[in-house]
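Trainee: Could we walk through this model together, one question at a time?

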Amino acid sequence: MGEGDNLRKIAYLQRPGKAPGLFWLNGFRSVMTGLKASAIDALGQEHGLGVTRFDYSGHGESGGDFHAATIGDWLEETLAVFALTEGPQVVLGSSMGGWLALLLARALQARGENRIKGMVLIAPAVDATRELIPKRFSAEDFSRLDRDGFVERESAYGDGPYRYTKKLIADGDQHLLFGKVIETGCPVHILQGGQDRDVPPAHAQRLLTHILHDPVTLTMIPDGDHRLSRPEDLARLRAAVVGML
């Protein structure tokens, strides 16, 4: 998938089933076999729904160099995999996947393609490369970013350091959503952890002020963290998706 010399091998899983299908978008460094993605697949199996999930380039089973990838690359891949679906879809996005879900909706609307029936966003990291990631950088981090082209910060989840490249942050500026009305064209349900340090509750509240023309539900989970992968969190996710059906 991709254009010209930028062809990328993208791994995806597609469960056949009836509409509306469920279209899952992972978070940053997450994969299509993770807990939430697997819970969505199980929900699809239970209800006989089609389910589509995939790994972005540089993630999981897909090809490509994670450190060379950008939001623009992952949006291209999202559009390409979405094109493999048929009929109405409920789009589900976690963290960075929430940002990509909204970018997907914008791109489809620009094409006159309105197949998104509903959207469930988990701690949506809208405009993360401008509004979230740099706010965790120290002055030394910014110097290192200019000098080396990347910054590495230890993950809070015990899965090694996360590398943020200058290319990733610069490209993110081409895909910003805040500052103007966000049109989804469908109902939106946001699940947000009250103890989320990566995407704070105030960020979800800010998103609410931008979605003016579509019905939005915000479920705040006071003791929830960023990942929202506990059994009770997965139960809330299932309930939110069923509500969209």
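This is a predicted model: local features need pLDDT of at least 70, side-chain atom pairs count only at pLDDT 80 or more; totals for chains, interfaces and linings use all residues.

Trainee: Is Glu77 buried or exposed, and what is its relative accessible area?

Mentor: Residues are numbered from 1 along each chain as its sequence is written, and side-chain values use heavy atoms, with hydrogens and water left out. Buried means under 20% relative accessible area, exposed over 50%, and partly exposed in between (1.4 Å probe, protein chains only). Glu77 is buried, at a relative accessible area of 0%.

Trainee: With which residue does Glu77 form a salt bridge?

Mentor: A salt bridge here is a side-chain nitrogen of Lys or Arg within 4 Å of a carboxyl oxygen of Asp or Glu. The pair links distant parts of the chain, 69 residues apart, with Glu77 in helix α2 and its partner in the segment before β1 (12-15). Helices (H or I, at least four residues) and strands (E, at least two) are DSSP runs, numbered from the N terminus. The closest N and O atoms are 2.4 Å apart, and the partner is Arg8.

Trainee: Which residue forms a salt bridge with Arg15, and which one meets Arg53 in a salt bridge?

Mentor: Arg15 lies in strand β1 and its partner in helix α1 (residues 35-47), so that pair ties together parts 26 residues apart in sequence; the closest N and O atoms are 2.9 Å apart. Arg53 sits in strand β3 (residues 49-54), 12 residues from its partner in α1, and the N to O distance is 3.2 Å. Arg15 counts as partly exposed at 25% relative accessibility, whereas Arg53 is buried. The partner of Arg15 is Asp41, and the partner of Arg53 is likewise Asp41.

Trainee: How many salt bridges does the structure hold?

Mentor: Beyond those pairs, there is a network of salt bridges linking Asp223, Arg230, Glu232, Asp233 and Arg236. For the structure, the number of salt bridges is 21.

Trainee: At what angle do helix α2 and helix α3 pack?

Mentor: Contact means heavy atoms within 4.5 Å, and the residues making it include Trp74 and Leu75 of α2 and Trp99 and Leu103 of α3. The contact residues divide into 12 nonpolar, one polar and one charged (Ala, Val, Leu, Ile, Met, Phe, Trp, Tyr, Cys and Pro count as nonpolar, Asp, Glu, Lys and Arg as charged, and the others, Gly among them, as polar). Axes are lines fitted to C-alpha atoms, for helices over the stretch in contact, and angles run from 0 to 180 degrees between N-to-C directions. With the axes of α2 (residues 71-82) and α3 (residues 96-111) 10 Å apart, the angle is about 60°.

Trainee: Which residue in β5 stands opposite Leu92?

Mentor: Strand β4 (residues 89-94) and strand β5 (residues 116-122) run parallel and are joined by six bridges. Opposite Leu92 stands Val120.

Definitions and conventions. Two strands pair if DSSP finds at least two bridges between them.
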